[in-house]
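Opening my notebook for a quick look around. I'll jot down what I look up as I go.

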Amino acid sequence: MTLTQLTFDQSWAGRIPPRWRWSRNKELLTESLALSVDGDEELLSVSHLTGITPRSEKTVTMTAAENLEGYRIVEPGDLVINTMWAWMGALGIAKQAGIVSPAYGVYSPRPAAPCEPRFYDYVYRSEPYVMEMTRLSRGIWSSRLRLYPDVFLSMAVPVPPLNEQRAIADYLDRETARIDTLIEEQQRLIEMLRERRHSLIDGVFDMQVPNSRLQNACIDVVDCPHTTPEVLDDGEYEAVRTASVRNGKFRPGNGLPISRETWKDRNAGGAPAVGDVLFTREAPAGEACMVPHDQICLGQRMVLLRIDRAECVGRFLLWQIYSDRVQDHFRLSANGSTVANVRLPVLRTTPIWLPELDEQHRVAAYLDDQAAKVDILIAETERFIELSKERRAALITAAVTGQVDVRGMV
């Protein structure tokens with residue numbers, strides 16, 4: 001295939017400016033196979049969010065190998081690709097020397113190649129180029145796709161004049177820094193709003209003296225069955241799991257789809273009713289939400305609080321569960337060496353404030369109203385962040401494909 005033909009096949013980039021040309025990665029880069037002798041170099045991490053950074057600066061749950069001999073050496077300016085996660089954009093240009101897993105691909109610029117590393121960091125991590133890498137990766141399942149060196153090196157890549165590569169990199173460094181600063185400010189605002197929301201709860205409950213136990217607010221505290229439900233791909237009912245509950249809200253679709261027969265079997269003692277409360281006793285412990293409808297049953301690590309309507313208002317108890325006093329009780333009483341587990345005796349005997357029903361209704365209505373206002377602000381801020389991220393991605397794509405002429409921009 002000639003480079004002229006190549007030009008018309010790169011739909012991901014559109015038509016690049018006439019002053020640019022198409023090349024293949026193998027004309028700019030060569031695979032580096034240099035290995036560490038003793039593994040003493042800085043271990044680097046490859047992320048779709050942050051690119052190439054020292055592993056020591058990241059919170060990583062996976063344990064690194066004790067012996068790093070034979071790991072791949074990385075030099076500043078090298079491109080590193082996580083072969084298994086290229087389809088997620090786990091790659092980038094290294095800014096410092098170090099080593100990475102031998103399962104990763106390391107590519108060094110060819111001598112005298114017209115290659116500005118900062119420009120190509122933006123190119124290779126741009127959304128359309130990542131999509132192109134995904135299209136060309138090999139594997140049966142999306143989660144098992146691999147981008148092998150021969151495929152990557154044969155991929156087409158735009159090559160602007162070197163001075164324009166630098167101009168584009170300068171432009172994107174400046175503009176993305178502005179967007180990133182704005183995003184960070186909005187993220188801090190969300191944290192402040194969440195703290196405000198939490199203070200609303202504590203402002204109500206922390207000054208009240210507990211006068212009852214959680215079990216007195218319930219007809220029953222029902223633990224989940226100890227068997228895993230049979231999953232049905234198109235099941236109309238749902239076995240709720242801990243992923244179904246976050247921050248006091250039910251998240252539909254995060255449970256297991258099940259049949260009506262399975263739902264009936266697991267609810268032999270009665271289905272959850274609207275007005276009752278779902279509680280997570282593990283992974284994570286202490287989350288809760290109102291029962292959304294009766295077409296659910298309990299999945300693993302879930303507890304149903306059947307509310308005694310004569311003694312308690314469900315939403316009042318839900319709000320109280322998120323107070324510092326109750327959450328501290330769970331933390332101090334939970335067992336489990338690695339994963340906290342709120343045992344049913346601990347849950348049942350949790351000290352709570354249980355005033356008259358009229359007072360419970362008043363408190364629940366107040367918190368519903370005030371928290372809804374905060375939640376609206378949080379949702380608006382989150383949407384602004386998403387739009388900013390979309391703007392950032394679009395800006396990068398436009399610049400690295402020549403849709404925006406940055407020459408002469410200050």
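This is a predicted model: local features need pLDDT of at least 70, side-chain atom pairs count only at pLDDT 80 or more; totals for chains, interfaces and linings use all residues.

**Surface patch.** Met-84, Trp-85 and Met-88 together make a nonpolar surface patch of about 250 Å². I then looked up Met-84 by itself: this residue sits in the loop that runs between strand S6 (79–81) and strand S7 (91–93). Its relative accessible area is 32%, so I noted Met-84 as partly exposed.

**Glu-116.** Next I picked a residue in another loop. Glu-116 lies between strand S9 (105–109) and helix H3 (117–125). Is Glu-116 buried or exposed? I got a relative accessible area of 12%, so Glu-116 goes down as buried. I also checked what Glu-116 touches, skipping its neighbours within four places in sequence: the contacts are Leu-162, Gln-165 and Arg-166.

**Cysteines.** How many disulfides does the structure hold? I found zero. I wanted to know why, so I looked at two cysteines.

- For Cys-218, the closest cysteine sulfur belongs to Cys-312, and the two sulfurs are 6.7 Å apart, so that is too far for a bond. A disulfide needs the sulfur atoms within 2.5 Å. Cys-218 is also buried, at 8% relative accessible area.
- For Cys-224, the closest cysteine sulfur is in Cys-297, 10 Å away, which again is too far for a bond. I put Cys-224 down as buried too, with 5% relative accessibility.

Terms used. Residues are numbered from 1 along each chain as its sequence is written. Side-chain values use heavy atoms; hydrogens and water are left out. Buried means under 20% relative accessible area, exposed over 50%, partly exposed in between (1.4 Å probe, protein chains only). Patches are made of residues with over 30% relative accessible area and no salt bridge: like charges are joined within 9 Å, nonpolar side chains (Val, Leu, Ile, Met, Phe, Trp, Tyr) within 5 Å. Accessible areas come from the Shrake-Rupley method with a 1.4 Å probe; for residues, only the protein chains shown count as cover. A salt bridge is a side-chain nitrogen of Lys or Arg within 4 Å of a carboxyl oxygen of Asp or Glu. Helices (H or I, at least four residues) and strands (E, at least two) are DSSP runs, numbered from the N terminus. Contact means heavy atoms within 4.5 Å.
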